[in-house]
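Trainee: I am new to this structure. Could we go through it together?

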Amino acid sequence: MTWRTPAAAAALVAGLVAAGAADAQYAGPASTRAAYSDSAYGTPRGPTYSAQEVLDKGHAFFGSMSRGLGGIVERATAQWGEPNGYILGEEASGAFVGGLRYGEGTLFTRDGGEGKVYWQGPSLGFDFGGDGARTMILVYNLPSKTAIFNRFVGIDGSAYLVGGLGMTALKDYETVLVPIRTGVGARLGVNMGYLKFTPRSTWNPF
């Protein structure tokens with residue numbers, strides 16, 4: 001799926017602006033998020049996964065494509081600490097400057113169990129072609145399993161490539177998501193877009 005006209009690109013930008021201004025689908029009280037961590041990127045008050053556990057899961061998930069995973073996990077740990085959840089899944093995307101991304105996977109948390117999640121979203125930037133990729137998403141400061149169902153906007157300047165893997169970061173309030181993608185799936189255009197997570201599959205990226 002591609003955006004090939006100025007009107008489509010304008011609609012994409014308008015959607016990004018609206019998403020940034022709109023309140024998210026998370027229905028929990030603001031005080032829940034405020035009490036969950038000591039700072040904007042503080043250590044969550046709850047069970048987390050160590051860097052070694054993340055590496056073990058990632059190596060098993062990516063298999064022969066996991067070259068460079070250690071460097072990415074090290075960078076993510078240095079910046080955001082230990083995640084209290086992670087998602088393993090697959091996604092497909094297509095783009096010409098602006099594009100769309102769709103994925104599905106399973107969210108794993110220590111204290112909330114696991115559950116199916118879907119994500120969709122537009123991207124804008126130096127983003128070309130189409131691809132499919134295995135994706136591991138590290139989840140930081142998630143107050144509850146259902147809080148994942150929200151929009152997460154790309155953090156400017158968070159793109160990082162090493163080996164055959166690419167990393168970007170997205171944020172909503174205090175929760176940070178760090179998608180790690182394989183091969184050509186490491187395109188970094190989503191760094192200037194957002195992802196919307198839902199409990200059911202949908203074609204609507206906005």
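This is a predicted model: local features need pLDDT of at least 70, side-chain atom pairs count only at pLDDT 80 or more; totals for chains, interfaces and linings use all residues.

Mentor: Residues are numbered from 1 along each chain as its sequence is written, and side-chain values use heavy atoms, with hydrogens and water left out.

Trainee: How many helices and strands are there in the protein chain?

Mentor: Helices (H or I, at least four residues) and strands (E, at least two) are DSSP runs, numbered from the N terminus. From that end, the order is β-α-α-α-α-β-β-β-β-β-β-β-β. The count is four helices and nine strands.

Trainee: What should the 12 residues of helix H4 span?

Mentor: Helix H4 covers residues 69–80. The expected span is 1.5 Å times one less than the number of residues.

Trainee: Which residues of H4 are buried?

Mentor: Buried means under 20% relative accessible area, exposed over 50%, partly exposed in between (1.4 Å probe, protein chains only). By that rule, the buried residues of H4 are Leu69, Ile72, Val73, Ala76 and Trp80.

Trainee: Which side chain has a polar contact with that of Thr48?

Mentor: Thr48 sits in the loop between helix H2 (30–36) and helix H3 (51–62). A polar contact is a pair of N or O atoms within 3.5 Å; within protein, one must be able to donate a hydrogen and the other to accept it, and residues adjacent in sequence count only if both atoms are side-chain atoms. At 2.6 Å, the partner of Thr48 is Glu82.

Trainee: How do the rings of Phe61 and Phe62 pair: stacked, tilted or edge-to-face?

Mentor: Rings of Phe, Tyr and Trp (its six-membered ring) pair if their centres lie within 6.5 Å; planes under 30 degrees apart count as stacked, over 60 as edge-to-face and the rest as tilted. Seven aromatic pairs are found by this rule. For Phe61 and Phe62, the centres are 5.1 Å apart and the planes are at 65°, so the pair is edge-to-face.
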